[in-house]
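This briefing is written for a reader who is meeting this structure for the first time. Please keep the sequence and the model in view while going through the topics below.

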Amino acid sequence: MSLTPEKASELKQIIQDQLIKMDIHGKIRAVLAETLRSEGDRGDRPLSEEDFLTALQRRGIVEEAMKELSFANVAEPQAETDALNKSPRRFSEKGITQLKTTNISPLRRYLYLQVLGGKAFLEHLQEPEPLPGQVCSTFTLYLHFRSQRFRSKPVPCACEPDLQEGFLLEVHRDGPGDASKMADATTMLSICDPVHMVLIKTDTSGDTTLISSYFLDWRSVLSAPNGKTGVSVELLGVGSECKVPTGVLNLKLEMYPPLSEILSPEVISTQQSLERQKNAEKERLFLVYAKQWWREFLEIRPSHQSKLVKIFAQDENGVNRPVCSYVHVLRAGRLLESPRQAARFVSLLAQERAPVVGGGARQEQWCTMMAFLCRNKGDCEDHATLLCSLLLGFGLDAYVCVGTKAKNTPHTWVITCGTDGTVTFWESLTAHRYLHQPKDPEAPPLVPQSKPTYPYRTLGCVFNHKTFLANCQPSDSVELCVFDFTDSSRWKAMSEEAVRSVCAPGSTSSLPPTPPLCAPSVHPSEASNQLELEMRYLLAEHRKDLGLVTIWDDHLSYLLSSALAAYELERCTGVSCGNEEFQDAVRRAVPDGHTFKGFPIHFLHRNARRAFATCLRSPFCEEIVCCRGDHVRLAVRVRVFAYPEMACAVWIMFACKYRSVL
């Protein structure tokens, strides 16, 4: 259980305001003075803390304070009694219309992480102060800690950005029965999971840029005398700028409830040093094994030197990690209902190659899953590893493929192997699926063989979270490839034990933790209505500039909804349905002697001006928007389909009907 952003400071402020309203300090001083007088009359025995608390309870001060902060009772079914006993209490304040709940359990331990602002973001040194209401570029800070994710409010980009946020992170053990116990200092010292902090910049057009990805070791707070400590974190850039500082964040860490006993700084540093040594040894042993494995692979055929067998890949911080560590078994809960819907979700995350300063070869950068999800876009490797992780979560035998497509361009995609031997390729950038039907190279020339529908040409290796296999067949052509991974003459496998030693969850503390997916951040109907109003305004203004009048047909606009829903369903399932009903409805809505024209288009963003400018580049859409004739009626419909994270599918359809004049 965790507290959402803003709630921790809000809860403290509510309690503080209520106590001030009660004049609690004056009442305590009065009780203290009276207690001192009565104790002085009885003798020289010093006043203890217990005596004072007893006096407060006798006077009803504690009871009065608790009445002011009432508890909100939530009715729960009898079957959930156990869960209710373990669930956090919910506090509400009198006088507030909306009930504000905070998930704070007195039986749990929390880390309260406060961001107290940033400084030295020198790239924005010349950034002018934004005027009130002015649209400007913003910074947003994302956090992930032990399956808990948070996001700050966006703040204007500046040399000293005003990032003022509080995040309440629950600290608990993962063992059976340990989650309900309050962790002590020694237990928390063994929790080596870092707080993953990702800073994202969003420009005025809504485009996002990954500024920094930082792993914070929070355990220094375990040695703080009062349970509080301040930390200044230097954020570094990403990719080719991973050694260049981008700015500094000032943080304050606090344990709640305070620790009864603290650890010495020497104990914490010794623990961290032992973890680093253990990680370094595991990584060294795996590197030694990987070098030996590669030598053996080259001895099979000298031509293997040119195959795309990728064992290591650099993340956004320039750290070389085994490719198997980028794949995890990821279950989406109720957010995604099927593997095909998962493929559709991944395809809605935009593709963007890692930025390069200057020309030359393509810069390859594999992102951690947290950075990819927060940025909401990435390269084909990021899409493939996320899709493979989701398909593994749905119980499929999935692997990431590394190879090439047309023009010998390096590419990654996903493959699933069915229990009946069927092999399916999944293109993570488009959600297209292709069945693999291998060609028989020894078949006579006149024997017809199916032509491949997939765009892939060669295949070097496949991998997932526990398996790495290199293609050692005579030809690396996908058309001729046989996907029998148990055949050691066709596929050279790495030791699963070696892969597990550095890639299994918890195997090394340097392994980035896997974040859970977040629920959609977009309300579909509200976003659809807003975007449709903006598109109507832009279309009407465009026609006004051309000297044309715009008359809307609201009924026709409504009829377009069924077509947009059918388009999205087809993208998700690959099955077309609902077109007959749409066509019949349009025939009824368009009178005899009139012509109907429609133009659907799909976007991954909700920027109305960008979308309208793109639509006008199409001659079909321009013909509808600029329609001239007798009895012209225009229609536009927008449907926003929300998916996990910030992903959304935006369908826009322009239509017109007019009387045909010969």
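Among contacts in the protein between residues at least 6 apart in sequence, what percentage join residues at least 24 apart? The share is 67%, a value computed, like every other one here, from a predicted model. The protein has 662 residues, of which 44% count as buried, and its secondary structure consists of 16 helices and 23 strands.

**Nonpolar cores**

- The largest nonpolar core holds 73 residues, and the members that touch the most other members are Phe345, Leu386, Leu390, Phe463, Phe468 and Tyr643.
- Helix α10, which covers residues 380-393, gives the most to this core, its share being seven residues.

**Packing of helices α8 and α10**

- Two packed helices are described by the angle between their axes and the distance between the axes.
- For helix α8 (residues 339-347) and α10, the angle is about 160° and the axes lie 10 Å apart; because an angle over 145 degrees counts as roughly antiparallel, α8 and α10 are described as roughly antiparallel to each other.
- The crossing of α8 and α10 is right-handed, and the residues that make the contact are Pro339, Ala342, Ala343, Phe345 and Val346 on the α8 side, with His383, Leu386, Leu387, Leu390 and Leu391 on the α10 side.
- By residue type, the contact of α8 with α10 comprises nine nonpolar residues and one polar residue, with no charged residue.

**Packing of helices α12 and α15**

- Helix α12 (residues 524-545) and helix α15 (residues 608-616) have axes that come within 10 Å and cross at roughly 50°, an angle that makes α12 oblique to α15.
- The crossing of α12 and α15 is right-handed, and the contact is made by Leu531, Glu534, Met535, Leu538, Leu539 and His542 of α12 together with Ala608, Arg609, Phe612 and Leu616 of α15.
- The residues in the contact of α12 with α15 comprise seven nonpolar, one polar and two charged.

**Backbone features in loops**

- Most residues other than glycine have a negative phi, and most peptide bonds are trans.
- Arg146, in the loop between β2 (138-145) and β3 (148-151), has a positive phi near 50° although it is a residue other than glycine.
- Ser147, placed in the loop between β2 and β3, is a residue other than glycine that has a positive phi, here near 65°.
- Arg146 is buried, with a relative accessible area of 10%, whereas Ser147 is exposed, with a relative accessible area of 55%.
- The peptide bond that joins Tyr256 and Pro257 is cis, with omega about -10°, and Pro257 is placed in the loop between β9 (245-256) and α7 (265-300).

**Two residues and their surroundings**

- Ile104 belongs to the loop between α5 (81-86) and β1 (109-119), and with a relative accessible area of 9% this residue is buried.
- From C-alpha to C-alpha, Ile104 and Glu170 are 9.2 Å apart in space, while in sequence they are 66 residues apart.
- Pro156 is placed in strand β4, which covers residues 155-156, and Pro156 is partly exposed, with a relative accessible area of 36%.
- Apart from its neighbours within four places in sequence, Pro156 is in contact with Pro130, Cys136, Ser137, Thr138 and Pro161.
- Pro156 and Thr202 are 46 residues apart along the chain, and their C-alpha atoms are separated by 9.5 Å.

Note on methods. Residues are numbered from 1 along each chain as its sequence is written. This is a predicted model: local features need pLDDT of at least 70, side-chain atom pairs count only at pLDDT 80 or more; totals for chains, interfaces and linings use all residues. Side-chain values use heavy atoms; hydrogens and water are left out. Axes are lines fitted to C-alpha atoms, for helices over the stretch in contact, and angles run from 0 to 180 degrees between N-to-C directions. Helices (H or I, at least four residues) and strands (E, at least two) are DSSP runs, numbered from the N terminus. Angles under 35 degrees count as roughly parallel, over 145 as roughly antiparallel, 65 to 115 as roughly perpendicular and the rest as oblique. A crossing is left-handed if the near helix is turned anticlockwise from the far one by less than a right angle, and right-handed if clockwise. Contact means heavy atoms within 4.5 Å. Ala, Val, Leu, Ile, Met, Phe, Trp, Tyr, Cys and Pro count as nonpolar, Asp, Glu, Lys and Arg as charged, and the others, Gly among them, as polar. A nonpolar core is a set of buried Ala, Val, Leu, Ile, Met, Phe, Trp, Tyr and Cys residues joined through side-chain atoms within 4.5 Å. Buried means under 20% relative accessible area, exposed over 50%, partly exposed in between (1.4 Å probe, protein chains only).
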